[in-house]
Amino acid sequence: MASTTLNDLPDVILSNIIAAVSDVRSRNSSALVCRKWYLLERATRSALTLRGNLRDLFMVPTCFTSISHLDLSLLSPWGHPLTSASDPALIGHVLRHAFPSVTSLTLYARNPSTIQLIAPQWPFLEHVKLVRWHQRPQIAAAGDELKILISEYGKLNSLDLSAFYCWTDDVPPALESYPSVASNLTCLNLLNPSFSEGFKSDEIKVITKACSNLREFRAACMFDPRYIGYVGDEALVSVSVNCPKLAILHLADTSALSNARGDPEDEGFTQEDAKINVATLIEVFSGLPLLEELALDVCNNVRMSGPALEVLNSKCPKLRSLKLGQFHGITLPVESKLDGVALCQRLESLSIRNVADLTDMGLIAIARGCCRLAKFEVHGCKMITVKGVRTMASLLRRTLVDVKISCCKNLGAVQSLKALEPIQDRIESLHIDCIWDCTTEDLEDLDGFDLNSFDQGEVSGRPVEHTAKHFTGSDYDYDGMGSASKKCRYSYDLNSSYTGVDVNSDGYENGNGYGERTWEKLRYLSLWVAVGQLLTPLASSGLENCPNLEEIRIKIEGDCRELPKPAVREFGLSTLVNYPKLSKMHLDCGDTIGYAHTAPSGQMDLSLWERFYLIGVGHLSLTELDYWPPQDRDVNQRSLSLPAAGLLQECFSLRKLFIHGTAHEHFMMFLLRIHDLRDVQLREDYYPAPENDMSTEMRADSCSRFEAALNRRQISD
């Protein structure tokens with residue numbers, strides 16, 4: 001009997017299989033199998049990002065007629081308006097003809113003329129995302145630029161301005177001018193870090209009143225009561241009253257969006273309290289019964305918030321994700337009773353920032369109550385320690401796979417990794433701070449709380465009988481003398497081998513076949529490093545074995561003008577060769593500040609700092625690299641230096657390289673020595689992007705010449 005092959009399947013089934021493939025290279029490979037697969041792949045591809053040069057219109061593909069989402073924000077030269085081409089009208093005609101089915105569009109709109117050119121091409125768009133990192137152009141009246149867009153799309157239901165450099169007073173008049181379009185919106189994203197102050201109270205009221213059918217609303221706000229028009233009780237209530245259908249609500253202070261690192265020594269309380277009280281929060285939560293995701297990232301104190309969070313659990317039964325910033329008193333457990341956020345038992349993701357009174361006992365209460373947590377982030381909580389996080393990880397061993405620990409005084413790199421040992425064979429995504437203030441030997445005897453014993457003395461100042469009762473809750477009955485009877489209803493002993501981890505063991509054996517200290521499922525690692533510090537202690541701190549680590553992000557932050565020359569030659573990227581599957585890297589030196597030109601005696605300019613950080617990158621088998629050069633803020637310059645270009649050319653396995661800054665043309669030509677390099681782009685995607693297009697670093701002709709040289713090369717595969 002003849003064998004049956006995949007090609008014998010009906011076209012409907014085969015097209016569903018191909019449609020389920022998300023990796024672009026895999027889809028491209030499937031299109032090369034045969035003509036039938038080629039047609040099915042083209043017919044099922046729904047999203048496409050164009051990266052070609054505006055001059056090469058003949059290269060616009062015409063075979064993707066089923067594309068519904070089109071991204072035009074990364075066209076080359078990056079950041080140049082479409083209207084800068086010789087025949088803008090022809091560009092619009094070609095794009096409309098090539099992609100007739102577009103309903104979702106991402107567009108780099110450097111000036112209003114770009115919106116005027118593109119908007120009429122697809123009158124039935126449902127989703128639009130505008131991107132602009134350059135300065136807002138001079139416009140006759142606030143909102144005129146957005147009015148051009150909104151006037152063309154009567155069926156628009158989603159508008160994303162999170163990466164569009166504009167003013168807050170551009171948005172309300174545009175929405176008010178077209179009430180039918182505004183009322184049709186179900187998704188509005190205004191979470192833009194470029195806003196200097198964020199939306200004020202009156203603007204929030206106008207926006208939510210105009211967009212009464214929103215299901216998703218994100219906005220950067222001004223919560224600081226020292227400013228006129230701050231967002232307080234009245235504005236929050238208006239959100240719940242005007243938009244009762246909200247499923248996702250994300251309100252964040254602009255300072256929280258800047259990603260500026262706080263001081264770990266900070267007590268966590270600000271000088272001013274936010275004008276948000278518990279009664280208001282209860283009213284807001286009661287008015288949003290469909291809420292599934294909530295983020296309130298306030299940069300002023302919201303005190304005694306626990307009672308409001310208890311109401312959140314009962315009034316918003318669909319809530320799965322919660323993010324709180326500068327909320328205090330989120331959980332203040334007394335003995336075995338859970339309270340506050342610990343009662344939100346359906347949460348799957350929890351992020352807390354600058355909660356001054358959060359203790360180890362609060363962490364354990366959260367773990368007991370929020371037993372479904374898969375993602376947990378904690379930032380700027382000074383009082384939590386290794387013991388609390390370790391015990392929390394033990395309690396959530398079955399679900400927790402994504403953890404971020406940053407800017408916590410007692411949790412440097414070694415402490416964080418020690419605390420997460422109970423889930424090191426399960427965790428998939430991790431962020432830690434590379435603060436090397438102790439060694440693994442210093443923590444050998446530091447264990448989690450013994451949840452099943454009563455002889456540990458006092459914990460956090462509480463008598464041990466109260467501590468044990470608090471940790472185990474009502475699962476134990478206590479007699480009058482404080483001793484536990486044997487009516488334990490736990491299905492497992494937290495200090496037994498049933499869970500695969502001993503809370504008080506050294507955590508070295510996971511039974512996963514890889515031996516000691518293996519992070520078997522870890523695929524994404526994020527690191528924060530202070531300028532001048534080294535990466536070399538990373539492996540010895542507890543990350544020796546990460547056999548499946550695929551992607552790493554390293555953010556280096558600080559002012560190197562205040563530092564002497566490093567005592568060693570290199571930062572330590574070569575130590576990452578220990579991770580055999582590492583293929584993607586984000587190396588972010590964008591917040592490293594220094595001298596772009598001549599440095600004072602005894603200090604290094606940015607080119608030497610770039611060499612320090614990039615030495616060893618050629619030893620890694622990277623296929624994708626995103627690199628942010630360091631900056632000189634005095635001259636608003638982030639430019640690739642000669643030493644950096646020389647070191648990057650040694651990455652012989654690279655296929656994609658994105659430099660988030662500028663570079664001279666002759667430095668870029670070094671990169672042509674990377675044989676398999678397919679995709680390279682300079683992106684000034686930071687606020688504000690430089691405007692001087694005549695510099696030798698940014699000329700469109702320079703970019704075009706480099707791209708032409710890159711495309712002329714023969715690629716092996």
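Which residues of S11 are buried on one side, and which on the other? Select strand S11, residues 349-353. Ser-349, Ser-351 and Arg-353 are buried on one side, Leu-350 and Ile-352 on the other. Buried means under 20% relative accessible area with a 1.4 Å probe, protein chains only. In a regular strand the side chains alternate between the two faces of the sheet. Five of the five residues of S11 are buried, so the strand is largely enclosed by the rest of the structure.

This is a predicted model: local features need pLDDT of at least 70, side-chain atom pairs count only at pLDDT 80 or more, and totals for chains, interfaces and linings use all residues. Numbering runs from 1 along each chain as its sequence is written, and side-chain values use heavy atoms, without hydrogens or water. Strands (E, at least two residues) and helices (H or I, at least four) are DSSP runs, numbered from the N terminus.

Next, select S10, residues 321-327. S10 pairs with S11 in the parallel sense over five bridges; pairing requires at least two DSSP bridges. Find Gly-325 opposite Arg-353.

Move on to helix H12, residues 278-286. Color Thr-280, Leu-281, Val-284 and Phe-285: these are its buried residues. Down the axis of H12 they fall within an arc of 130 degrees (by directions from the helix axis to the C-beta atoms), so they line one face.

How values were computed:
Buried means under 20% relative accessible area, exposed over 50%, partly exposed in between (1.4 Å probe, protein chains only).
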